[in-house]
Number of protein chains: 2
Amino acid sequence: LVLNFVLAESALELVPRELAGARAVVADSKRRGKPPMEILLDRSFHHSAMGKLKDSEKRGRPDLVHVGLLSVTGTPLYLDGKVRVYVHTWPDMVVELAEKTRIPKNYLRFRGLMEDALGGSEGGELVKAYKSTLSDLIRRRVRPDEVTAFSIQGETAKLEDVGMQVAAEKNPCLIVGGFPHGHFSPTTLGVADRLVRVDERPLEAHIVAARLVYEVEKATDRLND
Amino acid sequence: LVLNFVLAESALELVPRELAGARAVVADSKRRGKPPMEILLDRSFHHSAMGKLKDSEKRGRPDLVHVGLLSVTGTPLYLDGKVRVYVHTWPDMVVELAEKTRIPKNYLRFRGLMEDALGGSEGGELVKAYKSTLSDLIRRRVRPDEVTAFSIQGETAKLEDVGMQVAAEKNPCLIVGGFPHGHFSPTTLGVADRLVRVDERPLEAHIVAARLVYEVEKATDRLND
């Protein structure tokens, strides 16, 4: 088993050109000593500038992406090299972690790492970023047996059962939304073979991610016993 | 059931007096525009000053505490008001979250919140900090049926079994270490009724916390069915 874990439409991107001159962005840019378009879009600092942005409510939450990644990369399954992690972003970039790569738990270091990767810095052996739609990522790079996406709009299923199904596959792919509000886009829904709901209420990405990996891990252990 | 979750000996504290004049601390203090003893001790910035600090390897990691808290406070069990969260810190302070209180997912906001609470700011209805040893917290405040602490030094147990035992109690208490390296102090070991190991390798606090709450949640659902 290699579990492909995709955080999709994630709220992780550099400040887009249209906001580069906005007051909140310029102030943040000065404070940080970095050009506006080389800093991460972050609602905590740029909220006042983000109102007119397309899909504004789904963007500018690198903190969610950070916690989501930590909840996967700290698991025994990941540490054993059995999970591949991809962050697909709202503007169709993909940030891919090399096998077993740990990411900084300190948010400021994580932010710097993502700014470098998304800005095209060389030398990113452990974390590389490239332009790609979610469809291309799935079809050309991941090529999974089956794609399961998690959404409050999906059919109710038990996480345990999902874990057992997934653990029986060779190259499954799980998609969790990397954004704070709203639902998957039609494009994302289009790449999913099934859409599953695992709780009565919408759960945060890092909670779903942690539970998914854990259930797959337990099911794998059971299969190997 | 009310599950008491304690992050013990956590690497969360304001800069101690002995480091207030250290170069790395003063530089950070100037950058942030806050007096040295009102900022969180953070190895990411103060590493060079921390060498001679007692128990240095267990201190100055507020990022771990942040992620640990998020992994609990995002769970359905917590959102239902069934989990009480206490952060006991290395210098014997306790930060207590009021029922269902959500903490900022943005690390910089979390840092500000903790600096205010630990600095004794008024108005902290949702997050309050007070001086307390772990023993006092457990004996006088939590008064649990049973205290289970998690450590690589404990006896091997399955998380599922721990979850079932705990879910059958009225007021259980779980203790997870809130520090990056090393083991529980003798004092912490002294308050635990049992010491349990749930994986072959040492796992990060947030991973153990997420799995524990999840297993208790599942066991609770089973008992209620």
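Predicted model: local features only at pLDDT ≥ 70, side-chain atom pairs only at ≥ 80, totals over all residues.
Contact between them involves 35 residues of chain A and 35 residues of chain B. Together the chains bury about 3000 Å², and 54% of that area lies on carbon and sulfur atoms. On the side of chain A, the residues that lose the most area to chain B are A:Lys105, A:Arg211 and A:Tyr214, which together account for 21% of what that side buries.

Two of those names return in a moment, in the packing of helix H9 of chain A against helix H9 of chain B. How are H9(A) and H9(B) oriented to each other? Their axes lie 10 Å apart, and the packing angle is about 75°. H9(A) and H9(B) are therefore roughly perpendicular to each other. From H9(A), the contact is made by A:Ala210, A:Arg211, A:Tyr214, A:Glu215, A:Glu217 and A:Lys218. From H9(B), it is made by B:Ala210, B:Arg211, B:Tyr214, B:Glu215, B:Glu217 and B:Lys218. Sorted by class, the residues of this contact are four nonpolar and eight charged, with no polar ones.

Let us look at one residue of this contact in detail. A:Tyr214 belongs to helix H9 of chain A, which runs over residues 205–224. Is A:Tyr214 buried or exposed? Its relative accessible area is 4%, so A:Tyr214 is buried, since buried means under 20%. Setting aside residues up to four places away in sequence, A:Tyr214 touches B:Leu159, B:Arg211, B:Tyr214 and B:Glu215. Within chain A, A:Tyr214 and A:Val72 are 142 residues apart in sequence, while their C-alpha atoms are 9.1 Å apart in space.

Helix H9 of chain A also holds A:Thr220. This residue has a relative accessibility of 12% and therefore counts as buried. Beyond residues up to four places away in sequence, A:Thr220 touches A:Leu1 and A:Ala167.

Helix H7 of chain B, residues 159–167, packs against H9(B) at an angle of about 55°, with the axes 8 Å apart. H7(B) and H9(B) are therefore oblique to each other. The crossing of H7(B) with H9(B) is right-handed. Among the residues that make the contact are B:Leu159, B:Val162 and B:Val166 of H7(B), together with B:Leu212, B:Val216 and B:Leu223 of H9(B). The residues of this contact comprise nine nonpolar, two polar and four charged.

My next topic is helix H6 of chain B. Which residues of H6(B) are buried? They are B:Leu134, B:Ser135, B:Leu137, B:Ile138 and B:Val142. B:Ser135, in this helix of residues 134–142, has a relative accessibility of 12% and so counts as buried. Leaving out neighbours within four places in sequence, B:Ser135 is in contact with B:Arg140, B:Thr187 and B:Val191.

Finally, some remarks on backbone angles. Most residues other than glycine have a negative phi. Just after H6(B), however, B:Arg143 takes a positive phi of about 45°. B:Arg143 lies in the loop between H6 and strand S5 of chain B. With a relative accessibility of 60%, B:Arg143 counts as exposed, because exposed means over 50%.

In chain A, A:Asp92 also has a positive phi, of about 60°, although it is not a glycine. Where does A:Asp92 lie? It is in the loop between strand S2 and strand S3 of chain A. The relative accessible area of A:Asp92 is 26%, so this residue is partly exposed.

Thank you for your attention.

Technical notes: Residues numbered from 1 in each chain as written. Chains lettered and ligands numbered in written order. Heavy atoms only, no water. Axes fitted to C-alpha atoms, helices over the stretch in contact; angles between N-to-C directions. Helix = DSSP H or I, 4+ residues; strand = E, 2+ residues; numbered from the N terminus. Parallel < 35°, antiparallel > 145°, perpendicular 65-115°, else oblique. Left-handed = near helix turned anticlockwise from the far one by under 90°. Contact = heavy atoms within 4.5 Å. Nonpolar A, V, L, I, M, F, W, Y, C, P; charged D, E, K, R; others polar. Buried < 20%, exposed > 50% of the residue type's maximum accessible area, 1.4 Å probe, protein only. Buried area = accessible area lost by both parts, 1.4 Å probe.
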